[in-house]
Amino acid sequence: SDHMENICGYLMKYTNLVTGWQYRYFVLNNDAGLLEYFVNEQSRHLKPRGTLQLAGAVISPSDEDSHTFTVNAASGEQYKLRATDAKERQHWVSRLQICTQHHTEAIGKNNPPLKSRSFSLASQGSANSPGVQRRPSQNAVSFFNVGHHRLPTGKRVPIMQPDHLVDVREMMSQAEGQQRDLIRSIECLPASGHLTSLDQDLLMLKATSMATMNCLNDCFHILQLQHASQQKGSLPAGTTISWLEPKISLANHFKNGAAQNFPAEINKPASVREEQSIAEPCQLTREPEEINPDEELEDICDDKEDDLGAVEEQRSVILHLLSQLKLGMDLTRVVLPTFILEKRSLLEMYADFMSHPDLFIAITSGSGPEERMIRFVEYYLTSFHEGRKGAIAKKPYNPIIGETFHCSWRMPKSSVATDAGTNSSAHSPSEQGTLPKDPDGQTEPDYYTVKFVAEQVSHHPPVSGFYAECVERNMCVNAHVWTKSKFLGMSIGVTMVGEGVLHLLEHGEEYTFSLPCAYARSILTVPWVELGGKVNINCAKTGYSASINFHTKPFYGGKLHRVTGEVKQNMTNTVVCRVQGEWNSVLEFTYSNGETKYVDLTKLSVTRKRVRPLEKQGPFESRRLWQHVTESLRDGDIDKATEHKRALEERQRNEERLRAETETPWCTKYFLKDGDGWVYHKPLWKTVSAAQTQQTDSN
């Protein structure tokens, strides 16, 4: 109470993506427990432009920067605010939290539990708030009469006996039925009018009721395990008590929790029927297809990801989704809403990491093992900026099993750095490797070709394999990645499990590397992406290694997207190069001789990939497979995109079920299982080895 002071001052308030941030004059009224704002200080004597009731609110400093914080009221309204500096933010956050705690506790003391007390999450909301204005007769409480209920007196015992679990189960079944009736009543409301199915109070009530029932079911499961242990004396070996998956299927709740009713088969668009009628993949040819790079054309598709303005419009969907998630929950099988999708598959995203082929090809031209390791680190750190397609956190399509993506890049030889640090348009025969020359004696092209192929080799777990090679420079890279997503509260974390290996056949060197974790932050407002974690790059033959740290932003202060690293010689433990900067902005390389090099990623030229036209692509190539989803997203038709996406996912489930029933193993097309990893069926190191053997035999 010593710190219960009324404070006021200017803060920036985020309105929407169109209007953006605006200065507003805020007043904290501790006596009333209100946060009010006005256009400016001069209009303070007028009616506030907005008011939030702080009882039950959550005040959260943002991890976006050191100035921003959010006020989430119990009514579901949210203010996203920004102070002038970190000190001012801390002052406001502290005072708001003290006021919130005081008034929340006061409500608890003044309103003890009753036998039956109706409530609304927005009962303390201000009538001045635009989101909660309604006539008393239209209040959610009067409409649904939701109440607390306590156990009958005869059922109360000091200790819960095992036979009472039956009573608990019966009561929970009744509660689940009431909760379903509540959801059904909300969703049957009209889409427009005074009280609608999109009412913020009702959406919050629906979300919290779902979360509550999920939590109660988990607790009941733990009680059952404890009951079993009491009967047997101890839990069986290997038994664990853990939280369960959501009891309510996420796949059936795309829009406000309602199961989508798709039209009958005859009324479906032809494209959807086509997606569902493609034959089972193993019945198609699974023989590897040699893609002719000359058939590929420079990609003219430029799908710049627009801002997630839909977040505000689709907030009800997100609230509904969050109500069914738990901290640490695996999101692999969770169907996410369509509006957050990028217009490309995850397999194509891996290809976009190769958008600087000149830096990739230049690795093998390094004059020594030290320079080659440094060049690889430079290429590695510059790959994420273009691969991410901007800072907004959108999610690429989850590839279906058997999906593939092919592309290539052509890089003029004059644009690739040589070992002398200059540009060269020709290389000696030794530099060209041991592959035979063109038997027709035709003039070699004045460009290098980098070919890329990716395939989704597994569905559960979701594993992708990708491979790229430059035959002229005798180099290739092979990798497999298993994406594991977890719910972290207001963030989603994606761990990239797997390993990649770069082969420089000219030097007999192999560089193993891993990938950092990715995080989608602030998923309730404007989601953004950051990378985090430590990755290592090692070359066993030369003894050089690199350690790279992707730093997540600290709670207070600090920069976004920061990365640091060092390259060292393991035998002598000597650091030969240090790097620091931002992975999506400017990187600074400092060498052991004192020289410094700056790389501005925003100014690096991007080489467009070359892709076959859709009409020449196979039915399981990414762009043809997802073309109707992509077209619908470009047109802004979320419902149609969801329908096409659902058809693809349903087909995949049916195929998986059929394989399980017939005990038919899945046949991959381009990648072969190799221990815990996956390897391209025809890697360059095998081709070169075969060519060397043939040349030896002929001699």
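Hi everyone, let's start with two residues: Tyr350 is buried, and Phe353 is buried too. Buried here means under 20% relative accessible area, with exposed over 50% and partly exposed in between, using a 1.4 Å probe and protein chains only. For Tyr350 the relative accessible area is 1%.

A word on the model before we go on. It is a predicted model, where local features need pLDDT of at least 70 and side-chain atom pairs count only at pLDDT 80 or more, while totals for chains, interfaces and linings use all residues. Residues are numbered from 1 along each chain as its sequence is written, and side-chain values use heavy atoms, with hydrogens and water left out.

Now, the rings. A pair of aromatic rings is described by the distance of the centres and the angle of the planes. Rings of Phe, Tyr and Trp (its six-membered ring) pair if their centres lie within 6.5 Å; planes under 30 degrees apart are stacked, over 60 edge-to-face, and the rest tilted. Searching the whole structure this way gives 21 aromatic pairs. One of them joins Tyr350 and Phe353: the centres are 6.4 Å apart and the planes at 40°, so this pair is tilted. Tyr350 also pairs with Phe466, and that pair is stacked, at 5.1 Å centre to centre with 25° between the planes.

What does the pair of Tyr350 and Phe466 tie together? Tyr350 lies in helix α8 (residues 346-352) and Phe466 in strand β13 (residues 463-470), so the pair links parts that are 116 residues apart in sequence. Helices here are DSSP runs of H or I with at least four residues, strands are runs of E with at least two, and both are numbered from the N terminus. Phe466 is buried as well, with a relative accessible area of 11%.

Next, Val611, in strand β24 (residues 610-611). Is Val611 buried or exposed? Val611 is buried, with a relative accessible area of 7%. Contact means heavy atoms within 4.5 Å. Leaving aside neighbours within four places in sequence, the contacts of Val611 include Glu296, Phe405, His406 and Arg623.

Finally, helix α12 (residues 627-634), which is mostly covered, with 6 of its 8 residues buried. Among those buried are His628, Val629 and Leu633. Just after α12, Gly636 takes a positive phi of about 75°.
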